[in-house]
Amino acid sequence: MNVSVKEQQLIDFSTVLAAAVHDMKSSLNLLQQSIDGLNSCVTADNQPAQQFLSTAHYESSRLNTGLVQLLSLYRAEMENLPINEDECFIDDLLDNIFITHEQYLGHKNMTIEIEQTEDLVRYLDQDLITLLLNDILVNAMRYGSHKLRISAFEEDDWLVIKVEDDGEGYPNKMLASNNVDMQDMKLSNGRTGLGLFFARLIASAHRRGDRKGEIMLSNGGNLGGSVFTLKLP
């Protein structure tokens, strides 16, 4: 079937993309439910099966994040990301993130420490910040060894959230490319710049006056590995 030029011009690609992403996310949700169901059938001493489940969880999480990133970046046209800010209780935000990955942490025999200032409340886009932190945490679980740490606190009227692991840390090339432009992104030890570019886009979309959110990468911290820092005004 041939499509005329006029008909092609009537196609809203972002709408088509959104519909495709929605369908793929629905399939991924079913896949993740199946993974959760399998988890209840696998005994703790079945290490090969536990490893397969861990890999399936990680890859499905990456696919889900990638689909949302693709759609959001297209809509933002690589410049500004529209956000929907609302009141957010930070302890609930972090609890929900922990629950999402609780089984994966068990499969990996990893522990996570969550430390936060009590009664932290901020106005932010909870969906986007959750997506950002989920992506960072999944990578920390992949590259960490045994321990993870999430901390949330206020510093000079900024909300600061840190995700730390006890792995080998970020490669030097990644530390040097904190502010790399999208067209200059390179693969580095299996980690791509896309996730960090998207994290920076989400952070900078949160603004208060002349201040805007930012992210920082470093090594060391409390666990000696990677340290991802998110700061929101």
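**View 1. Ser-226, a buried residue of strand β9.** Ser-226 has a relative accessible area of 2% and is therefore buried (under 20% relative accessible area, with exposed over 50% and partly exposed in between; 1.4 Å probe, protein chains only). The residue belongs to strand β9 (strands are DSSP runs of E with at least two residues, and helices are runs of H or I with at least four, both numbered from the N terminus). Its side chain reaches the backbone nitrogen of Tyr-170 at 3.3 Å. The model is predicted, so that local features need pLDDT of at least 70 and side-chain atom pairs count only at pLDDT 80 or more, whereas totals for chains, interfaces and linings use all residues. Residues are numbered from 1 along each chain as its sequence is written, and side-chain values use heavy atoms, with hydrogens and water left out.

View 2. Asp-165 lies in β5, which spans residues 158-165. Asp-165 counts as buried because its relative accessibility is 3%. Leaving aside residues up to four places away in sequence, Asp-165 touches Ala-140, Gly-144, Lys-147, Leu-148, Leu-223, Gly-224, Gly-225 and Ser-226 (contact means heavy atoms within 4.5 Å).

View 3. Strands β8 (residues 214-220) and β9 (residues 225-232) run antiparallel and are joined by 7 bridges (two strands pair if DSSP finds at least two bridges between them). Glu-214 stands opposite Lys-231 of β9. The hairpin has 4 residues between its strands, and Gly-221 takes a positive phi near 60°.

View 4. Strands of a sheet pair through backbone hydrogen bonds, either parallel or antiparallel. Here, 5 strands form an open sheet with mixed pairing, in the order β2-β4-β5-β9-β8. Strands β2 (111-116) and β8 are the edge strands, each pairing on one side only. From one strand to the next, the twist averages 15°. Strand β4 (residues 147-155) pairs with β2 in the parallel sense over 6 bridges, and Arg-149 in β4 is the bridge partner of Glu-113. Helix α4 (residues 90-107) lies across β2, β4 and β5 and runs at about 180° to β2 (axes are lines fitted to C-alpha atoms, for helices over the stretch in contact, and angles run from 0 to 180 degrees between N-to-C directions).

**View 5. Confidence along the chain.** Mean pLDDT is 80 for the chain, and 78% of its residues reach 70 or more (pLDDT is the predictor's confidence in each residue, from 0 to 100). Confidence is highest in β5, at 97, and lowest in helix α1 (residues 5-10), at a mean of 50. Where pLDDT is low, the predicted coordinates should not be read in detail.

How values were computed: A polar contact is a pair of N or O atoms within 3.5 Å; within protein, one must be able to donate a hydrogen and the other to accept it, and residues adjacent in sequence count only if both atoms are side-chain atoms.
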